[in-house]
Amino acid sequence: MTGFKSDFLRTLDERGFIHQISDPEGLDAACVKGPITGYIGFDATATSLHVGSLIQIMMLHWMQQTGHRPISLMGGGTSLIGDPSFKDEARKLLTPADIDANIAGIQKVFDRYLAYGDGPTGAMMINNADWLTKLNYLEFLRDVGRHFSVNRMLSFDSVKLRLDREQSLSFLEFNYMILQGYDFVELNRRTGTVLQMGGSDQWGNIVNGIDLGHKMGTPQLFALTSPLLTTSSGAKMGKTASGAVWLNADLLSPYEFWQYWRNTEDADVARFLKLYTTLPMPEIARLAALGGSEVNEAKKILATEVTALLHGRDAAVAAAETARKTFEEGALSADLPTVEIPRSELEAGLGVLAAFVRAGLAGSNGEARRSADGGGLKVNDATLTDVKRTLGLGDLNETGAIKLSLGRKKHVLLKPV
RNA sequence: GGGGGAAUGUCCCGAGCGGCAAAGGGGGCGGACUGUAAAUCCGCUGGCUAGGCCUUCGUAGGUUCGAGUCCUACUUCCCCCA
């Protein structure tokens, strides 16, 4: 449906966030009537979220910007179980200590996107461990469990994958969707939440919560899912050679984060500007209209805006400047990713291949050797030809570091300490 | 309950007469061309103290000078009969 009356849905719609809504007219009407409360749950399976979650965070952001109250729900309780949806095997079980540490890491990011506070549109940070860990089993079965039809749960696509392949789906995992459904009801009771959002793979789990709400006497609840995001070439978002594109700066520096967006494919620029920046639509339309090599300007703006939201404007501008010096002037920027190395090792002479491994540009000496064979390694901008040479203090350049490059895009400074 | 088939390079799919570091894809990385894009072409895609050594084919044993390949047991999955 198009032609939403509420600012919230209109914004999400025109920016490409909407995949499915359970009752579009009903939700639209509720949004027009006054501030509503909605949430998205985040698994605590790693110490940082990655770009795959950014679209969800942006939905919460817009929710607040358009006059509603967003809740970021930490899955402290549900992560004890692990979401089996569309997975073909069980995840490793996390300990409560792991999960607490993960939540601590994840929370840091949200302050950038949401304004937490008590007002009618103040965001809330809630952990579902608050109630899930206190449940009494028999009580829970009688109050909540009786509303779930196993027949129906078995029919969900998210579990079918496992069942069709006759792979074991433990009772523990099977309960995940019940707990997620219960979360929705519990949040409604505690905060008046009426909307749960999430990726399209969460549709079944969310609708389950709505059904449970009906049976347990909540007001009408709503589901809204975002499309599963892939790049134009079909790759899942957030994967690079070196691993996931983390949001936390200690796992991926602002410069590297900026680079990830700078390298967006042409065909994705407009879509990403709408999803991941807060630039006004007319401005995005202007950038999207740029043709040929001019799209590079749009990509730089995309990279800077996305980075500014996450790491702050200063860090984004600095990243852009480092990139400009490195790529456009070919000059040496002291702000490139830096790896420190004991001065004594340099004095003793460090094998070049080992140096590239230390810098994180190669996984092993063999890999570094192959890259060199292909002409892909550079030391201080000179192509490496002798893989047996060693690096010493004499290789330090004017900034007191050694610049190691893999390909044209990846540069690391090796700095003695 | 009975019968038949399958598990391969820790990214995925997939060939593999007892001599195999193991065909071929996809993906990824690098090079050329460009615009730090896409498409295209080329190279690489177990580890190491590097022409020699070490570790890999579901798990554990066995046969053999030598096992991904043959035998036994186990695990998991697929198909057929009941």
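Predicted model: local features only at pLDDT ≥ 70, side-chain atom pairs only at ≥ 80, totals over all residues.
Which residues does Phe327 touch, not counting residues up to four places away in sequence?

View 1. Residues are numbered from 1 along each chain as its sequence is written, chains are lettered from A and ligands numbered from 1 in the order in which they are written, and side-chain values use heavy atoms, with hydrogens and water left out. Along its principal axes, the C-alpha trace of chain A spans about 75 × 50 × 40 Å. You will find 19 helices and 15 strands here; these are DSSP runs numbered from the N terminus, with helices being H or I of at least four residues and strands E of at least two. Of the 417 residues, 49% are buried (buried is under 20% relative accessible area, exposed over 50%, partly exposed in between, with a 1.4 Å probe and protein chains only).

**View 2. Phe327 and its partners.** Look for Phe327 in helix α16, residues 313–329. Phe327 touches Tyr255, Gln259, Arg408, Lys409 and His411, where contact means heavy atoms within 4.5 Å. Phe327 and Arg408 are 81 residues apart in sequence, yet 8.6 Å apart in space from C-alpha to C-alpha. Phe327 is partly exposed because its relative accessible area is 36%.

View 3. His311 belongs to helix α15, residues 295–311, and counts as buried because its relative accessibility is 13%. Setting aside neighbours within four places in sequence, His311 is in contact with Arg112, Leu247, Ala249, Leu252, Pro254 and Phe257. Phe257 is also, with Leu54 and Trp261, among the residues with the most contacts inside the largest nonpolar core, which has 93 residues. Such a core is a set of buried Ala, Val, Leu, Ile, Met, Phe, Trp, Tyr and Cys residues joined through side-chain atoms within 4.5 Å. Beyond four places in sequence, Leu54 is in contact with Tyr113, Leu247, Phe257, Trp261, Tyr276 and Val306. A second, separate core of 22 residues includes Ala359, Ala362, Ala368 and Leu404.

**View 4. Helix α13 and its surroundings.** In this helix, residues 269–276, the buried residues are Val269, Phe272, Leu273, Leu275 and Tyr276. They pack against α3 (54–65), α12 (254–262), α14 (281–288) and α15.

**View 5. Helix α11 and its cover.** With 14 residues (203–216), α11 reaches 20 Å from its first C-alpha to its last, close to the 20 Å expected at 1.5 Å a residue; the expected span is 1.5 Å times one less than the number of residues. Its buried residues include Ile206, Val207, Ile210, Leu212 and Met216. Among the elements covering the buried residues of α11 are α6, α10 (176–191) and β5 (195–199).
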